Amino acid sequence: MKIVQMFVAILAGILPWTVVEQALASDLVFSELQFRATVGNMPNSAAYVSISNKSADDEFLMSVESNLARKTELHSMVMDGGVMRMRQVETGLRIPAGKTLHLAPGGYHIMLSGLKAPLAVGSSFSVSLLFEYAGKVTLHGMAKRPSEINSRASSGDHASANDKQEYSN
């Protein structure tokens with residue numbers, strides 16, 4: 001019914017003819033989601049995935065959710081006075097149209113702080129990514145040893161931590 005109402009509104013000139021195309025979940029392509037397996041009672045871990053934006057418009061990864069840990073956050077690794085530090089990304093991450101954002105070791109990643117249980121090698125887990133336009137997308141992946149995690153180097157048409165893809169509202 002809303003589609004019919006919108007069509008009638010457009011024909012009546014109530015809505016502008018120019019409509020900005022927004023990204024849909026189908027416009028996003030995800031690599032394999034990978035979790036860093038934990039050993040013993042490690043309290044924290046991370047998850048990694050690459051997100052390709054196939055739409056004609058920029059998309060924004062606003063936040064992440066999971067029931068695996070007390071806190072699930074987007075984080076970056078930044079150099080601060082010659083020391084590598086992790087920082088929460090509170091403003092979200094821009095994924096430019098036609099580009100790929102890599103959440104990978106040494107850069108942007110999904111931080112799981114205060115794990116509720118160990119992430120055993122070979123076990124499956126999930127996280128939900130919240131996008132400005134595509135909405136909530138839940139991904140499933142396996143826990144792997146750090147040496148088995150496929151970290152993608154950023155180059156060419158890829159967005160990475162070095163590109164300063166943060167934005168503010």
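Is Lys136 buried or exposed? Select Lys136 and take a look: at 54% relative accessibility, this residue counts as exposed. Here, buried means under 20% relative accessible area, exposed means over 50%, and partly exposed lies in between (1.4 Å probe, protein chains only).

Before moving on, a word about what is on your screen. This is a predicted model, in which local features need pLDDT of at least 70 and side-chain atom pairs count only at pLDDT 80 or more, while totals for chains, interfaces and linings use all residues. Residues are numbered from 1 along each chain as its sequence is written, and side-chain values use heavy atoms, with hydrogens and water left out.

**Stop 1**

Glu65 is partly exposed, at 35% relative accessible area.

A salt bridge is a side-chain nitrogen of Lys or Arg within 4 Å of a carboxyl oxygen of Asp or Glu. Helices (H or I, at least four residues) and strands (E, at least two) are DSSP runs, numbered from the N terminus. By the salt-bridge rule, the count comes to six.

**Stop 2: Arg94 and Asp58**

Next, select Arg94 together with Asp58. This salt bridge has its closest N and O atoms 3.2 Å apart. Arg94 lies in strand E7 (residues 93–95), and Asp58 lies in the loop between strand E3 (44–53) and strand E4 (59–65), so the pair ties together parts that are 36 residues apart in sequence. Arg94 is partly exposed at 27%, and Asp58 is partly exposed at 27%.

**Stop 3**

Now pick Asp80, Arg85 and Arg87, which are linked in a network of salt bridges. Within this group, the side chains of Asp80 and Arg87 meet at 3.2 Å, N to O. Asp80 is partly exposed at 36%, as is Arg87 at 39%.

**Stop 3: the nonpolar core**

Finally, select Phe35, Ile51, Leu61, Leu103, Ile110, Leu129 and Phe131, the residues with the most contacts inside the largest nonpolar core, which has 30 residues. Strand E10 (residues 124–131) gives the most to this core, with four residues. Such a core is a set of buried Ala, Val, Leu, Ile, Met, Phe, Trp, Tyr and Cys residues joined through side-chain atoms within 4.5 Å.

Zoom in on Ile51. Leaving aside neighbours within four places in sequence, its contacts (heavy atoms within 4.5 Å) include Leu28, Phe30, Leu61, Ile95, Leu103 and Phe131.
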